Structure formats: structure tokens, C-alpha cells
Amino acid sequence: MKTIYTRPVCAACHVLKAKLTKEGVSFEAITVVDEGEPKPPGRWIVREAFDALYPGVRSFPFVVED
């Protein structure tokens with residue numbers, strides 16, 4: 001299973017999710033939000049917590065293979 005970290009407004013993130021869905025690949029999408037940003041529906045994580053998990057990652061989408 002893949003975990004895909006995305007940003008709220010990210011064209012590449014939307015393209016990747018659509019591609020994986022079309023190919024029937026199982027994934028979980030988690031949106032990375034900055035402090036004070038509206039929280040989207042579904043799973044999300046604040047940027048500070050994401051940075052603690054994955055220091056140095058600065059581009060999205062970010063894919064983790066489970």
C-alpha cells in the first residue's frame with residue numbers, strides 16, 4: 001500500500017491520485033496543511049509534524065511505500 005502526502009492546491013498531486021486510481025493501485029492520501037490553514041476533509045497532518053517525520057522533504061506529492 002502507498003501513502004501519498006499531498007498539498008491542498010497541487011496539480012501534480014491530483015494527477016498522481018487520478019493515475020493510481022485509474023490503475024487500481026491502493027493508496028491512502030494525507031494532506032499536509034500549514035498551521036492556520038483550513039483543515040480539509042479526510043486525513044491531514046500539520047506541516048510541523050510532517051517535517052518531524054520526513055525532514056528535508058520539500059516537494060509534493062511525496063510517496064511512501066508501506
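1. Lys39 is placed over the face of Trp44, 5.3 Å from the ring centre, where a charge counts as sitting over a ring if NZ of Lys or CZ of Arg is within 6 Å of the ring centre and within 35 degrees of the ring normal. This is a predicted model, in which local features need pLDDT of at least 70 and side-chain atom pairs count only at pLDDT 80 or more, while totals for chains, interfaces and linings use all residues. Residues are numbered from 1 along each chain as its sequence is written, and side-chain values use heavy atoms, with hydrogens and water left out.

2. The count of aromatic pairs comes to 7, a pair being rings of Phe, Tyr and Trp (its six-membered ring) with centres within 6.5 Å, called stacked if the planes are under 30 degrees apart, edge-to-face if over 60 and tilted for the rest. Phe50 and Tyr54 form one that is tilted, with 5.4 Å centre to centre and 45° between the planes. Phe50 counts as buried because its relative accessibility is 0%, whereas Tyr54, at 22%, counts as partly exposed; buried means under 20% relative accessible area, exposed over 50% and partly exposed in between (1.4 Å probe, protein chains only). Ring pairs also link Tyr5, Phe50, Tyr54, Phe60 and Phe62 into a cluster.

3. The whole structure holds 1 disulfide, a term for a pair of cysteine sulfur atoms within 2.5 Å. This disulfide joins Cys10 to Cys13 with an S to S distance of 2.3 Å, and the link is right-handed, with 75° about the S-S bond. Both Cys10 and Cys13 are buried.

4. These two cysteines belong to the largest nonpolar core, which has 10 residues in all, among them Tyr5, Ile30, Phe50, Phe60 and Val64; such a core is a set of buried Ala, Val, Leu, Ile, Met, Phe, Trp, Tyr and Cys residues joined through side-chain atoms within 4.5 Å. Leaving aside neighbours within four places in sequence, Phe60 is in contact (heavy atoms within 4.5 Å) with residues including Tyr5, Cys10, Cys13, Val32, Arg47 and Phe50.

5. Thr3 lies in strand E1, residues 2-6, strands being DSSP runs of at least two residues, numbered from the N terminus. With 7% relative accessibility, Thr3 counts as buried. Thr3 and Val64 are 61 residues apart in sequence, yet 5.1 Å apart in space, C-alpha to C-alpha. The side chains of Thr3 and Asp66 are joined by a polar contact of 3.2 Å, meaning a pair of N or O atoms within 3.5 Å, of which, within protein, one must be able to donate a hydrogen and the other to accept it, and residues adjacent in sequence count only if both atoms are side-chain atoms.

Definitions and conventions:
Helices (H or I, at least four residues) and strands (E, at least two) are DSSP runs, numbered from the N terminus.
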